[in-house]
Every structure is written in C-alpha cells, then in structure tokens.
Amino acid sequence: MSKLNINSRITLNDGTQMPIIGLGTWRSEPQKVKEAVIVAIESGYRHIDCAALYGNEKEIGEALEEVIKRGVVKREELWITSKIWNTHKRAANVRAAFEKTLSDLKLEYLDQYLIHWPIAFEFAGIELKDYACIVPREESGKIAKVDFVPFKETWGELEKLVEEGKIKSIGISNFSVTDTCNLYAENIKIKPAVNQIEAHPYFTNTRLMQTMKSSQFKEINTVAYCPLGRGGENAPISDPVVIEIAQKYSKSPAQVVIRWALQRGSIIVPKSVTPERIKENINVFDFELNEEDMNKISELGKKRKRAVDPIGSWGISVFED
Ligand SMILES: NC(=O)c1ccc[n+]([C@@H]2O[C@H](COP(=O)([O-])OP(=O)(O)OC[C@H]3O[C@@H](n4cnc5c(N)ncnc54)[C@H](OP(=O)(O)O)[C@@H]3O)[C@@H](O)[C@H]2O)c1
C-alpha cells in the first residue's frame with residue numbers, strides 16, 4: 001500500500017482520479033450544510049457526495065460558489081458527485097433531472113453522476129419538493145413502483161451527457177451482482193466506474209466489493225457509504241474493540257474506522273455537519289493501523305448489521321445478501 005495522504009486519489013476504470021475521502025451530505029440540514037461544505041473544503045476535503053434526494057443541493061451550490069470565488073479552491077480541484085433519483089429514470093426525464101442538479105450546485109459539469117438505486121418509481125415531477133414526489137404512492141397507499149425501466153434507458157442518457165462533456169464519470173449505487181450483470185447485458189458503451197454501497201465494520205460488504213473490482217466487471221471501485229455506520233451508540237464507533245484500538249493509537253473511534261476503510265481500499269464519504277468532526281474525520285493521515293488491528297476491526301463484520309435497507313422504509317427488497 002503506498003502511503004496515503006490528504007491529497008490521495010484513486011484512478012478509476014475511466015481514467016478519472018477520485019479523492020479517497022468525500023463529505024457525505026445525506027440528512028445534512030439545508031441551514032447547516034453550507035457551512036459544513038465550506039469548513040470541509042477549507043480543511044482539505046476536495047470531494048463532496050451529493051444527491052437530488054437530499055434536498056440540499058442549492059445550499060451546497062452556494063458553498064461551492066463561495067469557496068471558488070474566495071480562491072480557496074479551483075473548480076477543477078474539486079470532485080462533485082450527485083445521483084439521479086428513482087422517479088427520474090425514464091429517458092425523457094434524465095436530462096432535466098441532471099440539469100436541475102447542475103444548476104442547483106451552480107456548476108458547469110459534474111465529476112460523477114450515479115444511478116442512486118436499481119429501482120424505478122413513477123415520475124412525480126422533476127422537483128423533489130416533498131415526500132410524495134420522492135416516493136409516489138398509488139391510491140391504495142402502495143408505492144408507485146415501475147416494474148420495468150431497462151437500465152439502458154437511463155444509462156444511455158448518462159452516456160450522452162459524458163460524450164457532451166457534462167459529466168466526467170458515471171456509476172451506480174446499491175447495485176447487486178445481478179443488477180450489474182443485467183446492466184452489462186444491455187450492451188452499454190461506458191462501464192460504471194464505481195458502485196456506491198454500504199460498508200463499515202458492522203457490514204463489511206467484502207464479497208460485493210471484491211466481485212465489483214474483478215475483471216468480470218472491469219474493475220468497478222467501491223465508494224463506501226455510511227462509513228461510520230451512521231454514528232451513535234449502536235454503531236462501530238461505539239464498539240469496545242474500536243474504542244480500545246483508538247486509545248492505543250491516540251485517535252478517535254471515528255478516525256480508526258475511517259482509517260480502516262481507507263486501508264482496505266475504499267473511497268469513503270463520512271457525513272457530518274459539526275465543524276470539529278468534519279476536521280477530525282480527515283485528520284487520519286498521521287497513523288497506520290497494523291495488520292492485527294485491521295483484522296480485529298474486520299472481524300466485527302460478523303454482526304452483519306446494515307444501516308440502510310429499503311425493506312424497512314419502502315417494503316422493497318433490493319439487496320441479495
Ligand atoms: N447511495 C446511497 O444510497 C447512500 C445511502 C446512505 C448514505 N449515502 C452517502 O453516504 C454518506 C455517509 O453516510 P451517512 O450519512 O448515512 O452515515 P455516516 O457518515 O456513517 O454517519 C453520519 C453520522 O455520524 C455522525 N458523525 C460524523 N462524524 C463523527 C465523529 N467524528 N464522531 C462521532 N459521530 C460522528 C454524524 O453526526 P453530525 O452530522 O451531527 O456530526 C452523523 O450522525 C451520506 O451522507 C451520503 O452522502 C449514500
């Protein structure tokens with residue numbers, strides 16, 4: 001493993017270079033996210049993980065405009081990812097959804113655009129202004145799920161946006177092996193560069209990561225979401241094993257969990273709106289976990305505790321394992 005540092009990037013299968021740590025922004029309240037993004041960029045983050053779903057891209061756009069104007073960073077030094085939502089999967093809606101995200105973020109191009117989930121809901125307007133637009137329901141209360149939007153229909157539009165120079169890198173999120181095989185079977189021109197999936201010490205997702213990275217899929221890199229297991233008392237950052245290791249290295253449990261993820265080759269997007277934590281989470285380049293401690297943390301994966309599963313919220317089964 002070459003020595004990791006705050007500027008480390010991973011070269012993806014499309015030749016783009018993605019910073020290994022990004023700031024997550026899911027559930028970052030619109031009134032807090034602007035400051036969070038500014039603090040992050042001033043602290044050395046060069047990668048921000050966004051999505052239309054998160055309802056805060058306008059405020060993130062204000063932050064990006066400010067730091068670029070102030071000369072803290074140049075646009076080309078930043079890596080901005082966003083994601084297309086489940087209601088926007090039809091070819092007719094893809095470009096409008098993308099343009100809305102681009103204009104909210106006040107950008108001319110995106111570094112990366114992902115298909116957020118391998119499922120489609122009925123179109124309910126480009127603006128995701130309330131929950132009824134995000135998860136539309138039939139009169140019966142059942143989610144208005146569309147059973148068949150071929151992946152190619154969405155992906156083909158993303159490929160055109162890449163050809164036009166409006167997106168540098170495209171990828172998938174929450175795709176299983178079967179979903180990814182189905183996407184490849186549709187004769188796509190550009191292979192996905194990343195699959196953004198849940199991974200942390202309580203749900204290591206090792207097999208899916210390894211399969212994605214194999215030659216079968218032309219080396220799809222993993223971006224690990226919920227790298228802190230969503231934080232709090234029941235998360236890996238409160239686990240006695242992690243706390244003990246943190247004490248040994250004089251680092252915080254969050255720093256240990258982040259370091260573990262980086263040493264196993266993930267790109268990660270820890271979320272925080274708390275300035276001290278934002279700085280803490282990127283201050284992970286002055287120590288290295290030894291093999292024994294890496295293994296002790298990986299062992300916690302036996303718990304197989306997911307933080308995100310649409311079965312609970314939507315009653316829809318997405319995952320294979
Ligand atoms: N593609 C997808 O479907 C998908 C799904 C889930 C997440 N994501 C992406 O992944 C990002 C990260 O996942 P996540 O936000 O669910 O969870 P996470 O990053 O694992 O954890 C975030 C939680 O941990 C707290 N926290 C942050 N740093 C901490 C520290 N140093 N010490 C103690 N607590 C700390 C945060 O609190 P404060 O903010 O209050 O500081 C927040 O409550 C998301 O924001 C989003 O960008 C993508």
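I began at Pro 227, where a polar backbone atom lies 3.4 Å from an oxygen atom of the ligand. I count a polar contact as a pair of N or O atoms within 3.5 Å.

A note on ground rules: this is a predicted model, so I take local features only at pLDDT of at least 70 and side-chain atom pairs only at pLDDT 80 or more, while totals for chains, interfaces and linings use all residues. Residues are numbered from 1 along each chain as its sequence is written, and side-chain values use heavy atoms, with hydrogens and water left out.

Next I looked up two side chains. His 116 has a polar side-chain atom 3.4 Å from a ligand oxygen, and an N or O atom in the side chain of Asn 281 is 2.9 Å from a ligand nitrogen. The ligand taken alone exposes 900 Å², and the protein buries 88% of that (Shrake-Rupley areas, 1.4 Å probe).

Of its 29 residues, Asp 49, Leu 228, Lys 271, Ser 272 and Thr 274 come nearest. By class I find twelve nonpolar, eleven polar and six charged residues, with Gly counted as polar. Helix H10 (residues 275-282) gives the largest share, three residues; helices here are DSSP runs of H or I, at least four residues long.

Last, I checked the salt bridges (a Lys or Arg side-chain nitrogen within 4 Å of an Asp or Glu carboxyl oxygen), and the structure holds 18. In one of them, Glu 66 meets Lys 34 at 3.7 Å, N to O. That pair links helix H2 (residues 57-69) with helix H1 (residues 30-42), 32 residues apart.

Key: A residue is near a molecule or strand if one of its heavy atoms lies within 4 Å of it. A polar contact is a pair of N or O atoms within 3.5 Å; within protein, one must be able to donate a hydrogen and the other to accept it, and residues adjacent in sequence count only if both atoms are side-chain atoms. Helices (H or I, at least four residues) and strands (E, at least two) are DSSP runs, numbered from the N terminus.
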